[in-house]
Amino acid sequence: MPVSKTSSKTTLTTKLCDSAKPGRYSDATTAGLVLDVGAKARTFRMAYRWGSKTRTKALGRFDKGMTLAEARTEAGRILELIGQGIDPDATLGRKATTPA
């Protein structure tokens, strides 16, 4: 079954990350984890909601050495923070906000 280039969910694999055509691929294994494939970069991002706002955090680039396992681990850490009521941006030194 071919993988859609839109944000339909599929289980990301290293092989898919390496050979995917340009588009956005959402991981069925880890909520919010996406692989954005462009002409020059393959970037893992975490899409999440904080209060009423949707946010996206770049986790790292597959083509620069970040593995799928590392991306899933980082995405899981972000989900844990959200579950504890902690703004993930606060861990990056940005101004923390409360969910609205």
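Two residues are in contact when heavy atoms of theirs lie within 4.5 Å, and by this criterion residues 24 or more positions apart account for 30% of the contacts in the chain with a separation of 6 or more. The model is a predicted one, in which local features need pLDDT of at least 70 and side-chain atom pairs count only at pLDDT 80 or more, while totals for chains, interfaces and linings use all residues. Residues are numbered from 1 along each chain as its sequence is written, and side-chain values use heavy atoms, with hydrogens and water left out.

The chain contains two helices and five strands, these being DSSP runs numbered from the N terminus (helices: H or I, at least four residues; strands: E, at least two). Read from the N terminus, the order of the elements is β-α-β-β-β-β-α. Of the 100 residues in the chain, 33% are buried, where buried means under 20% relative accessible area, exposed over 50%, and partly exposed in between (1.4 Å probe, protein chains only).

Leucine 59, when residues up to four places away in sequence are not counted, touches Leu33, Phe44, Arg45, Met46, Met66, Ala71, Glu74, Ala75 and Ile78.

In helix H2, the buried residues are Leu68, Ala71, Glu74, Ala75, Ile78 and Leu81. They lie on the same side of H2, because they cover an arc of only 145° around the axis, the arc being that of the directions from the helix axis to the C-beta atoms. The cover over the buried residues of H2 includes H1, S3, S4 and S5, whereas the face turned away from the buried side carries the exposed residues Ala69, Thr73, Glu80 and Gly83.

Arginine 55, which is found in strand S5 (residues 53–61), is buried, with a relative accessible area of 16%. Its side chain makes a polar contact with the side chain of aspartate 87 at 2.7 Å, a polar contact being a pair of N or O atoms within 3.5 Å; within protein, one must be able to donate a hydrogen and the other to accept it, and residues adjacent in sequence count only if both atoms are side-chain atoms. Alanine 39, by contrast, is found in the loop between S3 and S4 and counts as exposed, at 83% relative accessibility.
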